[in-house]
Amino acid sequence: MDITILKGILTGFILSLPFGPVGVYCMELTIVEGRWKGYITALGMVTIDMVYSAVALLFLSSVKDYVIKYEDCLSLFIGIFLMIVSSKKLLRKIELKELNVDFKSMLQNYLTGIGFAIVNISSILVIATVFAFFRILDEATTLTSIETVVGVGLGGSSLWFFTTYIISHFRNLFGKEKLIKIIKIANGVIFILALFVTIYSIRQIIIN
């Protein structure tokens, strides 16, 4: 296998580590509605990672300048968005649903994953940083760019396949009350972090 694809796969692994707000949402969905709905939603996120990877490879300098210029506004938007989503989840009653799979709900989950990921346009900077670390940008050609984007997709989808497989087993290992408590705590953490991001972004906009 070409080393460029391997670098892309490693990038996909890094981008899909389930520690960010979108990752937490996918893990929550896996617990509440089952493995496949969580996985399909994660694939929506991976799709945007592939799109942003292509953008970073093709238009890095102009996009980077744009993102940096409006970084505070973008961060404010993301912070408010996450506060709204997490607060709604904190206030509503959580119920673990029966595991059922149908095409319509899967398509909705996929589009939801895309919607969550696409608002975080600043992730292009993270992608560019990872690319720089792996020296992908130094040797970027049309062929290597395609291989890198494909690798990002393979890495992200593979990691989430494994992650959702592991998480789905928690439904069987833990009781409903404990799982619901974990979900509430996760959303509480997201709300607090989003609040800090929002306050910091407002402060930066006022200063600048």
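This report covers an aromatic cluster and its charged neighbour in a predicted model.

## Basis

The model is predicted: local features need pLDDT of at least 70, side-chain atom pairs count only at pLDDT 80 or more, and totals for chains, interfaces and linings use all residues. Residues are numbered from 1 along each chain as its sequence is written, and side-chain values use heavy atoms, with hydrogens and water left out.

## Aromatic cluster

The whole structure holds three aromatic pairs (Phe, Tyr or Trp rings, the six-membered one for Trp, with centres within 6.5 Å; planes under 30 degrees apart are stacked, over 60 edge-to-face, the rest tilted). One is W36 with Y39: ring centres 6.1 Å apart, planes at 80 degrees, so edge-to-face. Both residues lie in helix α3 (residues 35-69), three residues apart, about one turn of the helix. Helices are DSSP runs of H or I, at least four residues, numbered from the N terminus.

Y39 is buried at 11% relative accessible area (buried is under 20%, exposed over 50%, partly exposed in between, with a 1.4 Å probe and protein chains only). Y39 also pairs with F161: centres 5.5 Å apart, planes at 80 degrees, again edge-to-face. This pair links distant parts of the chain, since F161 sits in helix α7 (residues 142-168), 122 residues from Y39. W36 is partly exposed at 39%, and F161 is partly exposed at 38%. W36, Y39 and F161 form one aromatic cluster.

## Charge over the rings

R35 lies over the face of W36, 4.7 Å from the ring centre. R35 also lies over the face of F161, at 4.3 Å. The rule asks for NZ of Lys or CZ of Arg within 6 Å of the ring centre and within 35 degrees of the ring normal.

Note on methods: Helices (H or I, at least four residues) and strands (E, at least two) are DSSP runs, numbered from the N terminus.
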